[in-house]
Amino acid sequence: MIARLLRMLAFAALLVHAAASAHKPSDSYLTLAVDGATINGQWDIALRDLDFALGLDGNQDGAITWGEVKAKHADIAAYALARLTVGPAHGACEPVVREQLIDNHSDGAYAVLRFTVTCAAAPKSLAVGYRLFFDVDPQHRGLLNLSAQGASRAGILSVDAPVQQFVLAELSRREQFADYLKEGVLHIWMGFDHVLFLLSLLLPAVLVRSLVPGATWTGAPTFRHAFWDVFRVVTAFTVAHSITLSLAALGVVSLPSRLVESAIAASVVLAALNNVRPVVFGGRWIIAFAFGLIHGFGFASVLADLGLPRDSLLLALVAFNVGVELGQLAIVAVFLPIAYALRDTWLYRRVILAGGSLLVAALAALWLAERAFDTTLLPALKFGT
Amino acid sequence: MEVRGRHVACALAQLLAALCAPVAAAPFVPTDEVQVLERLPERTAPQYRELKRLQAAAVAAPADAATAVALANAYYALSRAEGDPRYLGYAQAALAPWWKDAQAPTGVLVTRATILQSNHEFDRALADLTTALAREPKNGRALLVRATVLTVQGKYVEARADCPRLFGLAPEFYVFACLAAIDSLTGKADAATAALDRALATLPGDDVSGRAWGESLAAEIAHRRGDKSAQRRFAAALAADPRDLYTLGAYSDWLLDNGRAAEVIPLVKNEARVDALLLLLALAQKALRRSDAEASIATLRARFAASRARGDVVHRREEARFALQLAGDPQAALRLAKENWSVQREPADLRVLAEVAAAANDAAAAQTVRDWLAHTGLEYAAVAALVSAGKGLAK
């Protein structure tokens, strides 16, 4: 490691003498022990590092005494805890320092912070976010040791990887699958933009384009006819969003979320307007496919927020996608019989198809404006992905 | 669950090495307010005042590249003088606004390359230096650092081409020393020593670091060839600069090779914070069958475990030697020495590879060493003996 010639740089007055192999760089040792809703932590931070960041050496004599450290206990606790978050993937828990001690490691004295993190409930997954010293020493590392349910796991927190996620609840693969499946179903049901897009495309499925001048639509002749139209649209949408959901979840493709969310809102506007002034009739499955690609990116961002287990990424992806499809099928199963029964009524043609579509288009246009310009126009109606 | 003290380090050590030495005691609350817990080396360093001035300047002008480079260079110098990589991190922080900028100002590129090579990121360092030299072909510092990095990688032809370009950019001594350092690795040790002697004669008396460097280079050449003049050369180097950590290490190696382990201990015992010197201390203690060898070995083990826990790979040469000579694990040593050789190819790296090849009876590694000796012409008697024909294939 000794770049021997580098010592010659002295000629430029840039260097003193070269050193032999250096000793340890800056590390802190963070130990977390999860016990239900409580996490007991111990954090060993080198006094030298704390001095560099906070100035422990009060009298500037080059020696740090216990008295000087004690005088800075409050500062040390505040500085350190402001740079650490420990908690479930959504919402952190509250850490409180219990006591501060001293320990000697192989490379010098460390402040030892013992703290307790209290969460509202026993976390199922834990995200550890770490920022200590990264601004003053980008080569600093936090060496994490997490123990939960008798098993311990290690992680390295660095400026390039400041967050580590751990799945705590030792879920069986079946439970894990069920969890992600449920998230998938919930997401399609709660994600109004996806539902409205799909319904906008499905509303005309129980109708066919009228050959009678003056009337745009006429009722589908058979249930079979309506069913296959729905089948084509739903399948196209499913195939498309599965493709992009997988690509995005596996990290092959990524798009800025503002663009994705805006495009999703635009897709709802277009799909709804197509029912008012039809441009596309039988080829609605093509719209479903094209915009389905965009909706897939929207699903992926939800999946990313849930936190993907690294060891079972594929399982989570498949389960979430299956959940989305099941949620979709449930909507279709309710929609299709009702729509088919009402297809020849004035209510369906005028109120639901025309009026409903206009309403959807207007709502989605507001979403589009919100998302594209990053403002809030509908505080009470913050639906969407 | 209560987590106790030493056990943070040990838990990591256990995790990675399945070995745990109780190096640190359990956490404690000191009883005496005036008890000194830690000493800060930079406070007593002569450069401390200058460092404070540069820090203030960087705070006042955060967007000024020249100020940032000056501060980063000061930290880099401290990292070399004190053998403390923390200063490399501080140097990197000083360059933060430009750290990921491929087209950073030339001064930033050269300093960034200097920091990167310290972390063994040789290829990234070379890319920065090549960009810098494309802009400023007469940047002496860039030339010298590039020659160094290429030499460490064993690319002697390219490295040597950078030396003559230093004429007029650096005092002549450094140009001839640049050439001699490379020639001494490529079968021209005699000529290199003679050239070095001529160059040293031109060196002004006040350039102690240049003299320490030149003498210790000559000493190492003599050491590799088994030449008795090594003793005199090391003494001259240490007379010029008694605290030069590199010379202390090289001299300790020579003493150990010559059965003079007892002299190593006073030389390095106050520099045990530097891993490579602690390794030499432990080797000397072990050779003398001293009881304090165990404590040094335990500390080294903890440091290597901590280093691996943070994902560092800069200690592989030392760790291979530790595994072979102190931990008695030739297979681990072989793996480390091979990994190390794939990154850096200085004579010391070759020697570790030769030693583990012989100990682990690994024919492929021995062949690598023989090929290197044949290909470069490196004159290194001890290494040649370790892998002399058939030796690696015995048993």
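1. The model is predicted, so local features need pLDDT of at least 70 and side-chain atom pairs count only at pLDDT 80 or more, whereas totals for chains, interfaces and linings use all residues. Residues are numbered from 1 along each chain as its sequence is written, with chains lettered from A and ligands numbered from 1 in the order in which they are written.

2. Chain A holds an open sheet of six strands in the order E5-E6-E2-E1-E8-E9, with mixed pairing; strands (E, at least two residues) and helices (H or I, at least four) are DSSP runs numbered from the N terminus, and two strands pair if DSSP finds at least two bridges between them. Strand E5 (94-105) and strand E9 (151-157) of chain A are the edges, each pairing on one side only. From one strand to the next the twist averages 15°.

3. Helix H3 (residues 73-81) of chain A lies across strand E2 (38-46), E5 and strand E6 (108-118) of chain A, and runs at about 110° to E5(A). Angles are taken between N-to-C directions and run from 0 to 180 degrees, the axes being lines fitted to C-alpha atoms, for helices over the stretch in contact.

4. Helix H6 (residues 223-249) and helix H9 (residues 313-342) of chain A pack at about 160° with their axes 11 Å apart, and H6(A) and H9(A) are therefore roughly antiparallel (under 35 degrees counts as roughly parallel, over 145 as roughly antiparallel, 65 to 115 as roughly perpendicular, and the rest as oblique). The contact, for which C-beta atoms placed from the backbone must lie within 7 Å, involves residues including A:Phe223, A:Phe227 and A:Leu245 of H6(A) and A:Leu317, A:Glu325 and A:Tyr340 of H9(A). By class this contact of H6(A) with H9(A) has eleven nonpolar, five polar and one charged residues, where Ala, Val, Leu, Ile, Met, Phe, Trp, Tyr, Cys and Pro count as nonpolar, Asp, Glu, Lys and Arg as charged, and the others, Gly among them, as polar.

5. Helix H5 (residues 192-202) of chain A packs on H9(A) at an angle of about 40°, with the axes 11 Å apart, and that makes H5(A) oblique to H9(A). The contact is made by A:Val195, A:Leu198, A:Leu199 and A:Leu202 of H5(A) together with A:Gln328, A:Ile331 and A:Phe335 of H9(A); these residues divide into six nonpolar, one polar and no charged.

6. Chain B has 22 helices and one strand, and 53% of its 395 residues count as buried (20 or more other C-beta atoms within 10 Å of the residue's own; exposed means 12 or fewer, and partly exposed in between, with C-beta atoms placed from the backbone). Of the contacts in chain B with a separation of 6 or more, 49% come from residues 24 or more positions apart.

7. B:Ala284 sits in helix H16 (residues 275-287) of chain B and is buried, because 25 other C-beta atoms lie within 10 Å. Not counting residues up to four places away in sequence, B:Ala284 touches B:Leu256, B:Ala261, B:Val264 and B:Ile265. B:Ala284 and B:Ala261 are 23 residues apart in sequence, yet 4.8 Å apart in space, C-alpha to C-alpha.

How values were computed: Contact = placed C-beta atoms within 7 Å.
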